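Reader: I'd like to go through this model and ask you where the labels come from. Can we start once it's on screen?

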Amino acid sequence: MTWLIQSAVLLTTPPFFLGVIAKTKASFAGRKGPPLLQNYYDLIKLFRKGTVHSPASSFVLRLAPAVIVSTLLTAGLFFPLLGRAPIFFEGDVILFAYLLALGRFAMILAALDVGSGFQGMGASREAAFGAFSELAFFLGLVVLVVISGSASLTGIFQWKWIHPAWRPVFLLLFAAFFFILLAENSRMPVDDPSTHLELTMIHEGMILDYGGIDLGLILYGSAIKLFLLMAFAISLLWPQPLAWHWHSAALLGLKWTGMAVAIGAVESVTARLRLIKVPQLLIANFVVTLFALLVALFGRRV
Amino acid sequence: MVLFVFSTILFLLASLLSLISRREKWKRLLGCGGVVAASLTGLVPAVLLLAGGDPVEMTLGSPIPSLTLRLGLDALSAFFLVPIFGLSALVGLYALGYLKGEGRWLGNLPFFPLLVVSMAGVVTARNGFLFLMFWEIMSLTSYFLVTTEHEQREVRHAGWIYLAATHLATAFLLVFFVLIFKKTGSFDFKDFALLKSGPWTGLLFIFALVGFGTKAGIFPFHIWLPHAHPAAPSYISALMSGVMIKTGIYGILRTLTLLPPPPLWCGEALILFGIASAVLGVLYALMQHDLKKLLAYHSVENIGIIVTGLGLGMVGRSQQNLAVEWLGFGGALFHVLNHAVFKGLLFLGAGNILRATHTKSIDRLGGLIRFMPLTGITFLVASAAICGLPPFNGFISEWLLYLGLLEAAKTSARFPLFLCVSAMVGIAFAGGLAVVCFTKVFGVAFLGNPRTEHAKPLEAKWKQLAPMIFLATACLTLGIMPQLILPWLQTTLLSIGSNASPLATGHPLVNLGIFSRAFAILIALFLLVHWIRSLLFSSRTVRIAPTWDCGFKGPTPRMQYTASSFAEPIRTFFHVLLKPAVSARNPEGLFPDKSHFEEHVDDLSERLWFSPLVDKIASFLSGLRKRQRTRVQDYLAYIFVTLILLLLVGVWIGI
């Protein structure tokens with residue numbers, strides 16, 4: 001049962017929240033904005049198209065979309081979205097993080113496969129920023145494991161579903177993971193998802209040479225990644241109930257929409273940073289996580 | 001044990017026959033084929049023992065009354081013998097193809113079987129004296145193999161550095177064993193247990209750490225690796241990096257488990273060295289343009305991960321935390337095996353590239369996967385494995401280690417907690433940087449378009465590819481079915497006196513079988529998505545057209561990102577630490593003539609510690625040489641003063 005529902009939610013809902021972000025940004029800018037389901041229309045359109053391959057490219061370019069989507073879907077199975085995760089075991093947080101890394105590995109190689117400077121530029125930045133954001137991510141994991149005593153996502157997010165008293169640790173961790181979410185999904189202060197100016201972009205730069213079904217799969221993959229990291233961030237403040245009930249689906253919709261609105265708001269009011277500042281910001285985020293660790297340790301003593 | 005002795009004899013025969021045979025073909029066949037046959041023979045007793053056999057010992061004889069030379073085979077030896085013999089057999093097969101038509105390299109081939117047999121000797125010796133003998137044979141044979149291309153100046157230089165470093169290590173080990181001998185009156189490993197715990201243990205630990213650490217390549221004693229590996233022929237690099245440096249790890253494990261339980265700070269020091277090696281190793285690897293030098297630095301990184309695991313195991317043992325002990329030692333041992341598999345594979349792949357393109361510089365390569373598909377695919381598998389990505393074997397050992405660190409973080413406080421958190425973050429960061437590094441290597445060398453016009457590179461022959469395919473399959477098998485290795489780890493841990501056994505059977509912490517399920521889902525999903533994609537594409541048009549380049553028609557290979565540009569964000573961030581030396585000439589004027597850009601990064605420990613140290617020693621010695629007069633009386637005086645000094649040391653300090 002959990003298997004089926006969780007897979008269905010994971011497969012179908014992610015593009016919707018991208019629509020929510022776009023809508024929020026539009027309303028900040030005083031526009032009407034695209035329909036909420038625009039991303040589904042885009043994906044359907046892309047899935048009906050052929051593609052153009054570069055003569056420089058190899059099987060890496062052709063396999064990468066499937067790798068990206070499958071790693072993210074698998075990672076999603078470890079997350080307690082609606083009740084307990086379909087698969088959970090001690091240490092699945094590490095597997096979760098490394099599955100995301102495998103997707104990134106495939107993406108970077110696919111970008112380098114076409115032999116162009118633009119893709120190389122995007123790939124180089126993605127690789128470097130990915131390494132820096134891993135610092136805060138793993139430190140955050142330590143904090144969570146120390147607090148909850150469990151190294152499994154299902155074990156970590158197992159508070160009673162009213163929402164844990166908003167302890168300072170969780171606020172700090174939420175801030176850190178929210179920023180990781182923005183960085184990993186190439187959102188605003190790090191990267192601008194709406195621009196197509198090659199010299200400044202990261203994620204969009206890497207996928208310049210993709211088209212048709214492959215591009216559709218990659219965009220779909222990014223939507224799932226956003227969905228999963230939103231899940232991570234919001235579950236810190238307000239975890240999903242561990243026993244499946246119909247209202248957990250409604251709660252999921254509500255909370256994730258709230259997160260999407262928050263991301264849209266952040267994107268509307270911040271400007272993109274200069275690239276050279278991004279690692280500094282990621283390190284600052286690491287420091288925030290460090291504070292969370294200290295707070296958690298002091299809390300443990302008491 | 002009979003088979004083990006038989007395999008030793010085969011190795012010696014292979015070396016001898018390859019030395020005396022005249023024909024090139026026979027030399028190669030006997031040398032490499034002998035290694036394959038002997039290694040396979042030697043593999044049998046090791047595997048049998050790990051599968052549940054009893055430890056065996058045998059006495060070689062007593063050359064002098066107080067010294068009995070003994071060899072023994074227990075689970076720890078067997079666990080190291082499996083990669084030694086396994087990788088040697090594969091490397092032997094590879095060398096059979098690799099050395100074809102390389103007559104000038106065959107002169108040093110007889111040392112190849114000797115190197116393997118001396119490594120086997122190191123891990124089976126049960127006596128300090130014998131151990132050092134094998135250790136020295138191993139160092140010397142590998143020195144001769146490193147300097148195979150001794151007509152080149154750099155190779156001789158690299159060989160010289162290696163020889164100096166390895167003897168420095170031996171010197172420390174000599175002191176280590178002599179100290180124990182003075183305390184216990186025996187060189188025998190069995191008698192080490194007689195040693196009382198005390199301030200001596202810490203001192204012994206430091207000697208062991210420097211001695212074994214130099215061989216293993218722990219930062220800051222690693223400086224010989226980035227010199228020796230690029231200089232050696234690729235099959236030797238594979239062997240040295242895959243298994244020879246692991247003898248250092250074996251040494252640490254063996255001695256530290258024989259000696260009385262060392263104080264807590266020893267384990268903590270190991271973790272600190274491990275973190276430093278892991279992070280700095282990969283950081284320096286990222287800055288390299290020479291493929292084999294890059295791989296050598298990655299050995300430093302992986303040794304760092306292993307050493308962190310050892311340290312964690314020791315901390316767990318000091319604190320009597322069985323789970324931490326198991327996960328630390330278990331992760332380290334598993335990583336030893338895994339590193340042999342993927343690093344061996346990477347060096348063999350580097351050998352194929354070198355043979356096909358005649359350059360080690362990554363920036364001159366590109367698009368190789370079209371010409372060498374099998375080398376490319378196996379190299380890709382090994383790259384993913386060394387980054388610790390699922391579903392390959394590197395992930396499992398790192399996962400064990402992470403789990404151990406988290407477990408330790410849950411229960412410890414103060415300094416150990418700080419170490420756990422640093423190790424966790426350090427290894428994660430090293431993993432992130434390894435992804436940068438190997439996407440760089442694979443992306444720049446194998447993908448895109450060739451950067452220089454060279455003759456079409458040819459794929460290697462089957463004798464070279466077959467071992468690589470085997471190793472790549474091993475990467476995947478060990479990743480998907482890690483539970484196969486679990487009994488081996490268990491037996492090995494029991495043999496080093498760990499009583500953390502109940503964990504292996506059914507404890508939720510070490511439920512490795514779950515990975516078969518998780519990775520089966522991953523692979524099934526991948527195949528499904530890919531199948532849907534192909535299905536959709538079958539009814540769509542797919543055109544081939546040049547890479548889109550901003551409306552500019554006709555991008556050239558020179559416009560591709562190079563390895564240096566790829567690593568630029570990291571280098572810029574760490575420039576204070578790395579201090580890259582750049583020599584560049586920008587294009588100037590309306591008709592710019594030649595411009596160039598070159599940069600390289602010097603090693604921190606070489607720059608700040610070893611270079612100045614060696615310079616100081618050299619100037620001191622040259623000053624001494626000026627005073628030297630060729631009179632017998634002076635020499636007698638020197639000898640006299642030395643003897644007096646030694647006597648005083650003996651009387652006062654009692655060593």
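Predicted model: local features only at pLDDT ≥ 70, side-chain atom pairs only at ≥ 80, totals over all residues.

Reader: Is Gln6(A) buried or exposed, and how do you know?

Author: Buried means under 20% relative accessible area, exposed over 50% and partly exposed in between, with a 1.4 Å probe and protein chains only. Gln6(A) comes out at 0%, so it's buried. Residues are numbered from 1 along each chain as its sequence is written, chains are lettered from A and ligands numbered from 1 in the order in which they are written, and side-chain values use heavy atoms, with hydrogens and water left out.

Reader: What does the side chain of Gln6(A) reach?

Author: The backbone oxygen of Gly76(A), at 2.9 Å. A polar contact is a pair of N or O atoms within 3.5 Å; within protein, one must be able to donate a hydrogen and the other to accept it, and residues adjacent in sequence count only if both atoms are side-chain atoms. Gln6(A) sits in helix α1 (residues 2–12) of chain A. Helices here are DSSP runs (H or I, at least four residues), numbered from the N terminus.

Reader: How many disulfides does a search of the whole structure find?

Author: Zero, over all chains. Cys266(B) is in none, with the nearest cysteine sulfur, that of Cys420(B), 17 Å away. A disulfide is a pair of cysteine sulfur atoms within 2.5 Å.

Reader: What makes α16(B) mostly covered?

Author: Of its 19 residues, 17 are buried. This helix (residues 393–411) reaches 28 Å from its first C-alpha to its last, close to the 27 Å expected at 1.5 Å a residue. The expected span is 1.5 Å times one less than the number of residues.

Reader: Which residues have the most contacts inside the largest nonpolar core?

Author: Phe112(B) and Tyr235(B), in a core of 336 residues. Helix α17 (residues 414–446) of chain B brings the largest share, 22 residues. To count as a nonpolar core, a set must be buried Ala, Val, Leu, Ile, Met, Phe, Trp, Tyr and Cys residues joined through side-chain atoms within 4.5 Å. Beyond four places in sequence, Tyr235(B) is in contact (heavy atoms within 4.5 Å) with residues including Val91(B), Phe112(B) and Leu348(B).

Reader: How many residues of chain B are in contact with chain A?

Author: 75 residues of chain B are in contact with 78 of chain A. The area buried between them is about 6600 Å², with carbon and sulfur atoms giving 76%. Buried area is the accessible area (1.4 Å probe) that two parts lose on being put together, summed over both. In chain B, Lys410(B), Arg533(B) and Tyr561(B) lose the most, together 9% of what that side buries.

Reader: Why is Gln320(B) called exposed?

Author: Its relative accessible area is 67%, so it's exposed. Gln320(B) also has a positive phi of about 50 degrees although it is not a glycine, and is found in the loop between α12 (291–318) and α13 (322–357) of chain B.

Key:
Helix = DSSP H or I, 4+ residues; strand = E, 2+ residues; numbered from the N terminus.
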